[in-house]
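Please take me through this structure stop by stop. At each stop, tell me what to select in the viewer and what is there.

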Amino acid sequence: MDRNMKILVVDDFSTMRRIIKNLLKELGFTNIEEADDGATALPMLKQGHFDFLVTDWNMPGMTGIDLLKAVRADPALAHLPVLMVTAEAKREQIIMAAQAGVNGYVVKPFNGPTLKEKIDKIFERVQG
Amino acid sequence: MEESEKLSRLIQARALVAALEAHDEAGYLASLNALAASQTQPMFEAVGRMTREVHEALMAFATDDRLNLLAEDEMPDARDRLRYVITLTEQAANRTLTLVEEALPVADRLMDRAERLQQALGQIRQSQVDNVALVGVITELAEYLDSVQQDGGALKTRLTDIMMAQEFQDLSGQLLLRVIALLETLEGKMLGLLQKTHPVASEKPVALTQAALSQGLGPGVPGAKNHSSAAEPIKNQDDVDDLLANLGF
């Protein structure tokens with residue numbers, strides 16, 4: 001896994017962005033940018049050559065699930081690995097995210113080891 | 001069906017049969033109507049009763065100044081308070097995160113330095129094996145540096161746990177935002193209902209209503225003065241129709 005890969009963290013709560021960013025830093029990732037909802041994130045993704053997207057679900061403006069769908073619908077972004085980190089934990093929602101093409105799903109409250117495990121798994125599959 | 005009711009139905013039915021047999025068309029129609037009315041009348045009465053109850057409830061609702069106060073003042077106030085809770089928890093979480101972000105590199109530096117010293121000491125120990133006193137000190141120092149590295153790791157784990165605990169701000173904030181949205185919806189619906197049932201009252205400044213209340217005088221709003229008449233039961237179909245028209249039916 002490339003520790004220099006460019007990661008976009010999308011969450012409407014700045015504290016959560018900060019926590020995820022710190023956890024990613026602890027895992028050795030330093031090239032991290034932030035957005036506070038899907039509508040802000042999508043243009044960044046289209047321009048920014050990101051390697052990995054970590055997004056919340058429930059956000060004002062554009063939600064994480066809509067962002068995921070938009071990413072999958074864009075040929076240039078369709079293969080971007082996407083990890084959802086969200087408090088939305090209904091069975092139907094997880095199925096919805098899976099059908100929309102999510103690569104990993106972490107339910108809040110979560111911890112560092114869980115985040116690491118999911119990221120490792122995503123990139124094992126992507127590279128394998 | 002009660003006995004008396006059964007009896008009157010029987011009489012109506014017999015009259016219907018008799019009129020039919022006698023080729024009395026007017027009598028037949030009258031009996032038929034009477035029978036039909038016996039079925040629909042209780043329903044009309046029930047509708048009338050329910051309408052009256054709705055009307056009374058609406059009047060009581062509109063004339064309750066407490067509701068105006070609630071919709072126009074206290075609910076927005078409650079929303080502001082909840083937003084302030086989000087701000088306060090956000091500030092607290094950010095402050096904690098800043099402290100953790102500052103403390104983590106301190107732990108890293110302690111551990112790095114301990115590791116480098118450990119290596120340097122190892123080399124010295126190799127070259128000074130004959131100096132028993134020095135080797136003793138070096139061994140003790142090495143143990144200390146070892147514990148610094150272990151403690152540093154434990155410290156970092158705790159600091160990360162403290163950081164993760166700040167997650168509460170996101171979760172509680174999301175819950176509060178939902179309550180705020182609910183309050184907004186409720187407030188809008190209440191104001192809409194108050195406008196419909198009591199347009200003047202909701203346009204009035206709340207302070208005036210409060211002042212009027214504290215003086216024990218009814219404010220000059222329609223409905224408040226007529227409270228007793230509003231509580232009077234509706235007497236006939238015209239009243240029902242008028243009321244329904246007023247309610248926008």
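Select Glu101(B) and Arg18(A). Their side chains meet in a salt bridge, 2.9 Å from N to O. This is a predicted model. Between chain B and chain A the count is three salt bridges. Polar contacts across this interface involve nine residue pairs, with both residues at pLDDT 80 or more. On the side of chain B that touches chain A, the elements giving two or more residues are α3, α4 and α5 (168-197) of chain B. The residues on that side split into seven nonpolar, seven polar and six charged.

Now show the whole interface. Chain B contributes 20 residues to the contact and chain A 19 residues. Together the two chains bury about 1,700 Å², with 55% of it on carbon and sulfur atoms.

Next, pick Lys108(A). Look for it in the loop between β5 (104-107) and α5 of chain A. Is Lys108(A) buried or exposed? Its relative accessible area is 4%, so Lys108(A) is buried, given that the cut-off is under 20%. Two aspartates are polar partners of its side chain. The side chain of Asp11(A) makes a polar contact with that of Lys108(A) at 2.9 Å. The side chain of Asp56(A) is joined to that of Lys108(A) by a polar contact of 3.4 Å.

Move on to Phe110(A). Not counting residues up to four places away in sequence, Phe110(A) touches Met16(A), Ile20(A), Leu23(A), Val85(A), Leu115(A), Met164(B) and Glu167(B).

Now color the largest nonpolar core, which has 28 residues. Those with the most contacts inside this core are Ile7(A), Leu24(A), Phe52(A), Phe110(A) and Ile119(A). Both chains take part: β1 (7-10), α1 (14-26), β3 (52-55), β4 (82-86) and α5 (112-127) of chain A, with α3 (65-127) and α4 (132-165) of chain B, each supply at least two residues. The most comes from α1(A), with five residues. In soluble globular proteins, nonpolar side chains tend to be buried together.

Zoom out to chain A. It has five helices and five strands. From the N terminus on, the order is β-α-β-α-β-α-β-α-β-α. Of the 128 residues in chain A, 52% are buried. Take contacts in chain A between residues at least 6 apart in sequence: 65% of them join residues at least 24 apart.

Last, turn to the salt bridges. Over all chains, the whole structure has 19. Select Glu34(A) and Lys21(A), whose side chains meet at 3.0 Å, N to O. Glu34(A) is in strand β2 (residues 32-35) and Lys21(A) in helix α1 of chain A, so this pair ties together parts that are 13 residues apart in sequence.

Go to Asp120(A) and Lys116(A). Their closest N and O atoms are 2.9 Å apart. Both residues lie in helix α5 of chain A, four residues apart, about one turn of the helix.

Finish in chain B with Arg83(B) and Glu184(B), a salt bridge at 3.3 Å. Arg83(B) is in helix α3 and Glu184(B) in helix α5 of chain B, 101 residues apart.

How values were computed: Residues are numbered from 1 along each chain as its sequence is written. Chains are lettered from A and ligands numbered from 1 in the order in which they are written. This is a predicted model: local features need pLDDT of at least 70, side-chain atom pairs count only at pLDDT 80 or more; totals for chains, interfaces and linings use all residues. Side-chain values use heavy atoms; hydrogens and water are left out. A nonpolar core is a set of buried Ala, Val, Leu, Ile, Met, Phe, Trp, Tyr and Cys residues joined through side-chain atoms within 4.5 Å. Buried means under 20% relative accessible area, exposed over 50%, partly exposed in between (1.4 Å probe, protein chains only). Contact means heavy atoms within 4.5 Å. Buried area is the accessible area (1.4 Å probe) that two parts lose on being put together, summed over both. A salt bridge is a side-chain nitrogen of Lys or Arg within 4 Å of a carboxyl oxygen of Asp or Glu. A polar contact is a pair of N or O atoms within 3.5 Å; within protein, one must be able to donate a hydrogen and the other to accept it, and residues adjacent in sequence count only if both atoms are side-chain atoms. Ala, Val, Leu, Ile, Met, Phe, Trp, Tyr, Cys and Pro count as nonpolar, Asp, Glu, Lys and Arg as charged, and the others, Gly among them, as polar.
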